Each structure stands twice: as C-alpha cells, then as structure tokens.
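Good morning, colleagues. Please look at the sequence and the structure as I proceed.

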Amino acid sequence: KFDKNTVDITGIENAVYTGKPITLEPSKVKVFFKTGENTSRELKWGRDFKVSYSKNINKGTATVQFIGLESSGFTGKVKKTFKITQVDIGDIAYVSRDKSMDDIQAVYSKAGVKPADQIILTNQAGKTLVEGVDYTLSYKNNKKVASKYEEKCPTIVVKGKGNYKGSFSVEFTILAGLLDSENISVKVNQV
C-alpha cells in the first residue's frame, strides 16, 4: 500500500509565483518505499508512481499527490503541499518592463498627470500584468511641468498586488501643453 506510513518523500521545495503551473523537478524529489524497519528502496517517477497537482499556479498552498501505479504493485496515494510565494514586482528576473517605460513623457494637466497606460509589465508566462489586479499605481510630483532628471521629478510608484509584492518607481517627464483650439475654451459674458 502506497500511503504516508509506507512512503517517505524528500526534496519538495517552496516556489515563487511565475504565472505558469508550478511542478516539481523529478531530479530533486526522492520517493522511498519502506521495505522494513530501517530499510527502504527508492521508487521511480513514472514507473512506480505518478503525480497530480492542484492549486499550483497562484500564491498560496499547492497540493501534489503521489499516486502509486498498480502496474508496479502499488495502490493508494500520498498528499504533500508546498507554498507558492508572491514575486517581487520590482525584480526584473520575474517581471519585465517594456522599453518605453525608460522614457515616459506626458502633457501637463491641471488635475495632475497620470500616464497609467504607459506602464507595461509582463510576467514569466508572457502575460501582461493588469492594473488593479496585479499592481496599483500612485503618483508623486505630477502637477507641474518638470523633467525626470529634476530632484523632485514626476514619479509613478508601482506597488505589487495579489501574486506580486514590493514596489518600484518610474520617473517621467511632464511636457508643457500646446495652446491651441483643442486645449482652450473661451467664455464670453454678455454685457
């Protein structure tokens, strides 16, 4: 019988969120079947047992089931868990930033400039992160014309949410607006 009393499993490690299903590496995980009080033999993945996973994509506790294969004389299963932790949104090894974020420019607005559409982040699975789901944005020094090279430059603070933690800042430039008919309205009071 393949169960928690007859099987020892080693090498299960916690993982960092990637956006893809997280699976164990067969070369790292060892499964031993107890053949006596102090003796056991190592079982082979795919020959003696197979695995199935649940909740193995997002942060939290993932479950892996080791299922004995009848063709090798085993029945039953053993459940183990591992943690999937949030990834640091500022770690470019896990979250890539679009090149256009290096030189964000936006035109002045009296209400404050918020170039949210210019924040483009992609996870390891190639999925574009979504504001409000994967991160939130806040702004500093965004209410006057200024260069990103100034001491108190306009700044976007990107803060992780959900499967992401941590934060990073993006400096940007606010350009003077044009005085043209699209940006000006004229009110005439009757005399």
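Let me begin with strand β6, residues 60–68, which pairs with β7 in the antiparallel sense over eight bridges. Please bear in mind throughout that this is a predicted model.

Within this pairing, I draw your attention to threonine 63, a residue of strand β6. Which residue of β7 stands opposite threonine 63? The residue facing it in β7 is threonine 81. Is threonine 63 buried or exposed? Its relative accessible area is 19%, and the cut-off for buried is under 20%, so threonine 63 counts as buried. Setting aside residues up to four places away in sequence, threonine 63 touches Ser52, Tyr53, Ser54, Lys79, Lys80 and Thr81.

Strand β7, residues 77–85, also pairs with strand β2, residues 15–16. Here the sense is parallel, and two bridges are involved. Alanine 15 has isoleucine 84 of β7 as its bridge partner.

I turn now to another sheet. This one is open and consists of three strands in the order β12-β13-β15, with antiparallel pairing.

Finally, strand β13, residues 155–160, runs antiparallel to β15 and is joined to it by five bridges. In that pairing, valine 157 stands opposite serine 169 of β15. Thank you for your attention.

Methods. Residues numbered from 1 in each chain as written. Predicted model: local features only at pLDDT ≥ 70, side-chain atom pairs only at ≥ 80, totals over all residues. Heavy atoms only, no water. Pairing = 2+ DSSP bridges. Helix = DSSP H or I, 4+ residues; strand = E, 2+ residues; numbered from the N terminus. Buried < 20%, exposed > 50% of the residue type's maximum accessible area, 1.4 Å probe, protein only. Contact = heavy atoms within 4.5 Å.
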